[in-house]
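Hi there,

Here is the structure I promised to pass on to you. Have a look at it first, and then read my notes below.

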Amino acid sequence: MSPFSLMYYLTEHSAVKFVKKAFGEKEVEAVLERLDRLTHDEARTTASQTLEVVYGLVQNMNVVIDGEQTHSTYSLSSVEYSSL
């Protein structure tokens, strides 16, 4: 183990120990579980929005290829992005 990785491990270990001691181990675990849940929710939301965009693009391509005029209920400008 290099001195840098040992120092990194000890620093990280000390920080985790400090946070658990300062806030209580159960509270830290609860916060980490909530953060994990929120991360998964955000990933699902992003995947859903991506699928909507791809579906809209495919629909638009089909219109161009077939030369048909249809009214799509979905447009790229309707996608809203939110930040955490």
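**What turned up**

Searching the whole structure gives one salt bridge, meaning a side-chain nitrogen of Lys or Arg within 4 Å of a carboxyl oxygen of Asp or Glu. Before the details, please note that this is a predicted model, where local features need pLDDT of at least 70, side-chain atom pairs count only at pLDDT 80 or more, and totals for chains, interfaces and linings use all residues. Residues are numbered from 1 along each chain as its sequence is written, and side-chain values use heavy atoms, with hydrogens and water left out.

The partners in that salt bridge are Arg-44 and Asp-41, at 2.3 Å from N to O. They sit three residues apart in helix α2 (residues 25–66), so about one helical turn separates them. Arg-44 is exposed, at 53% relative accessibility, while Asp-41 is partly exposed at 35%. Here buried means under 20% relative accessible area, exposed over 50%, and partly exposed in between (1.4 Å probe, protein chains only).

As for the fold, the chain has two helices and zero strands; both kinds of element are DSSP runs numbered from the N terminus (helices H or I, at least four residues; strands E, at least two). The 42 residues of α2 should span 62 Å at 1.5 Å a residue, and its end C-alpha atoms are 61 Å apart, which agrees. That expected span is 1.5 Å times one less than the number of residues. The buried residues of α2 are Val-28, Val-53 and Gly-56. Just after α2, Gly-67 has a positive phi of about 75°.

Of the 84 residues in the chain, 6% are buried.

Phe-18, Val-19 and Phe-23 make a nonpolar patch with about 320 Å² of accessible area together, an area computed by the Shrake-Rupley method with a 1.4 Å probe, counting only the protein chains shown as cover. Val-19 lies in helix α1 (residues 3–23) and is partly exposed at 32%.

Enjoy exploring!

Conventions: Patch = residues over 30% accessible without salt bridge, like charges linked within 9 Å, V, L, I, M, F, W, Y side chains within 5 Å.
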